[in-house]
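Here is a short report on one protein model. Keep the structure in view as you read.

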Amino acid sequence: MDPVRNPYAPGAGQRPPELAGRGRELDVFDVVLERIARGRPERSLMLTGLRGVGKTVLLNTLRSEAINHLWGTGKIEARPDQSLRRPIAAALHMAVRELAPRHRAPDRIDAFLGVLKAFAQRSAPTGRGGAAPKLRDRWQPGIDVPASSGRADSGDIEIDLVELLSDAATVATDVGTGIAIFIDEMQDVGAEDVSALCAACHELSQLGAPLIVVGAGLPHLPAVLSAAKSYSERLYRYQRIDRLDRIAADQALCAPAEREEVEYEQKALDLLYEKSGGYPYFVQAYGKATWDHAPRSPITAADVRVAAPEAEAELAVGFFGSRFERATPAEREYMRAMATLALVDGAEGRRDDMDAAVPTAEIARALGRKPASLSPARDALIKKGLIYSGERGTVAFTVPHFGRYLRTQPA
């Protein structure tokens with residue numbers, strides 16, 4: 001098989017050659033866009049799921065759909081301990097620049113940009129006693145108009161964000177379209193900023209304003225939003241992005257191959273699904289390795305067995321190993337206990353319940369420690385995005401198959 005023609009693309013946020021199994025999510029978003037275009041109220045959208053299920057790919061695809069509908073769009077990736085003020089200002093600047101050529105009143109655009117500039121500059125930190133910030137802390141957005149005063153510049157992020165997004169929605173209304181802000185890794189947005197974002201979305205939904213936020217994050221994102229504002233459970237439309245079912249996984253492999261006039265034997269597809277578990281990133285990784293090792297079409301189960309160790313070695317370094325290396329010895333001990341507890345006894349013997357949540361009390365019992373003494377390790381792992389707590393008193397891995405990987409590592 002020609003490796004140059006290999007169609008598979010395992011990569012962080014890299015769109016696969018066939019976006020299989022996501023038709024429902026795309027249809028839902030099209031309905032949201034059409035309803036807003038007709039002046040109907042709609043909720044912002046939150047995508048949740050484990051690492052490797054294609055949340056970023058889907059987020060980028062939804063943004064492309066919004067652009068095709070002539071919406072203004074902007075995208076950011078949240079980072080821990082980073083204020084949302086500057087990134088959201090940059091995203092809105094991008095979105096309004098897309099709408100500006102269609103606006104009949106340039107002065108209205110300039111007025112909004114003045115508010116946007118004031119909002120962005122308000123984030124500049126001050127020294128002790130109100131001293132001016134150091135040169136390295138000063139930041140000027142690329143906006144030529146002067147900053148306005150008295151709007152979105154109070155310093156209270158909740159007040160300012162409500163005013164800013166409301167003004168942005170007015171610009172979109174003038175043009176007869178909408179604005180969508182896409183936020184990846186949304187679970188990393190700080191508590192104060194999450195609260196402000198929820199308040200702004202609440203205000204916009206009450207006004208029926210044509211501006212929505214589309215977020216993507218780990219499975220505990222709904223809990224993060226609910227902790228910020230109790231009404232967030234009704235404020236957003238939540239969509240859980242999960243592994244592909246068998247039909248979709250086969251489509252993700254076969255459709256690109258058919259375009260290259262290559263076929264799979266049924267037993268090869270059976271084994272590939274068993275190896276990948278239907279997780280989109282793993283489907284691409286095993287598909288790429290199998291293609292490179294297969295001598296000819298059709299691809300057989302024997303080709304998959306020969307290629308699997310190479311795919312697993314690549315995943316061990318790039319997908320699992322990079323995350324494992326970020327953990328301290330105490331954190332690794334905690335995760336190893338989780339991995340052991342994920343092995344459960346069943347009718348077919350011991351099996352790996354890979355995505356199951358593990359009670360923190362059982363982890364403490366397995367390590368012979370008091371639960372309180374393990375809190376620092378647990379909290380650090382959550383902050384690093386290696387585990388999450390979907391329900392009180394339990395934790396689970398954010399990365400599929402991570403427990404299996406940990407059990408292969410020396411203590």
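The model is predicted.

## The five-stranded sheet

Start with the sheet of 5 strands. Its order is S2-S3-S4-S1-S5. The sheet is open, and the pairing is parallel. Strands S2 and S5 (236-240) stand at the edges. Each has a single partner strand, so one side of each is left without a neighbour in the sheet. Neighbouring strands are turned by 15 degrees against each other on average, with direction ignored.

What holds such strands side by side? Strands of a sheet pair through backbone hydrogen bonds, and the pairing can be parallel or antiparallel. Look at one end of the order here. Strand S1 (residues 44-48) joins S5 through 5 bridges, and the two run parallel. In this pair, Leu47 has Gln239 of S5 as its bridge partner.

The side chains of S3 go two ways. Ile179, Ile181 and Ile183 point one way, while Ala180, Phe182 and Asp184 point the other way. All of them are buried.

S3 has partners in S2 and S4. Strand S2 (residues 72-77) is joined to S3 by 6 bridges, and they run parallel. Here Gly72 stands opposite Ile179. Strand S4 (residues 211-217) pairs with S3 over 5 bridges, also in the parallel sense. Ile179 takes part again, with Leu211 as its bridge partner in S4. From S3 the chain passes through helix H6 (residues 191-207) to reach S4. This β-α-β crossover is right-handed.

## The three-stranded sheet

Another open sheet has 3 strands, in the order S8-S10-S9. Its pairing is antiparallel. Strand S8 (358-359) and strand S9 (387-388) stand at the edges. Each has a single partner strand, so one side of each is left without a neighbour in the sheet.

Strand S10 (residues 394-397) and S9 are joined by 2 bridges. Tyr388 stands opposite Ala396 in S10.

## The largest pocket

How much space lies in the largest pocket? It holds about 810 Å³. Its lining has 43 residues. Those nearest the centre are Ala12, Gly13, Arg51, Gly52 and Thr56.

Most residues other than glycine have a negative phi, and most peptide bonds are trans. Some places in this model depart from that pattern. Glu185 is not a glycine, but it has a positive phi of about 55 degrees. Glu185 is found in the loop between S3 and H6. Its relative accessible area is 17%, so Glu185 counts as buried.

Glu261 has a positive phi too, of about 60 degrees. Glu261 lies in the loop between helix H9 (246-259) and helix H10 (266-276). Glu261 is exposed, because its relative accessible area is 74%. The peptide bond from Ser297 to Pro298 is cis, with omega near 0 degrees. Pro298 sits in the loop between H11 and H12.

## Two residues on helices

Asp110 belongs to helix H4 (residues 106-121). Its relative accessibility is 38%, so Asp110 counts as partly exposed. How far apart in space are Asp110 and Pro146? Their C-alpha atoms are 8.9 Å apart, and the two residues are 36 residues apart in sequence.

Ala361 is in helix H14 (residues 360-367). Ala361 is also partly exposed, because its relative accessibility is 38%. From Ala361 to Gln187 the distance is 25 Å, C-alpha to C-alpha. In sequence, Ala361 and Gln187 are 174 residues apart.

Conventions:
Residues numbered from 1 in each chain as written. Predicted model: local features only at pLDDT ≥ 70, side-chain atom pairs only at ≥ 80, totals over all residues. Heavy atoms only, no water. 1 Å grid on protein atoms, 1.4 Å probe; cavity = no way out; pocket = protein on both sides within 12 Å on 5 of 7 lines; lining within 4 Å. Points joined across faces, edges and corners; volume = space filled by probe spheres on them. Buried < 20%, exposed > 50% of the residue type's maximum accessible area, 1.4 Å probe, protein only. Helix = DSSP H or I, 4+ residues; strand = E, 2+ residues; numbered from the N terminus. Pairing = 2+ DSSP bridges. Right-handed = clockwise from strand over helix to strand, strands pointing away. Axes fitted to C-alpha atoms, helices over the stretch in contact; angles between N-to-C directions.
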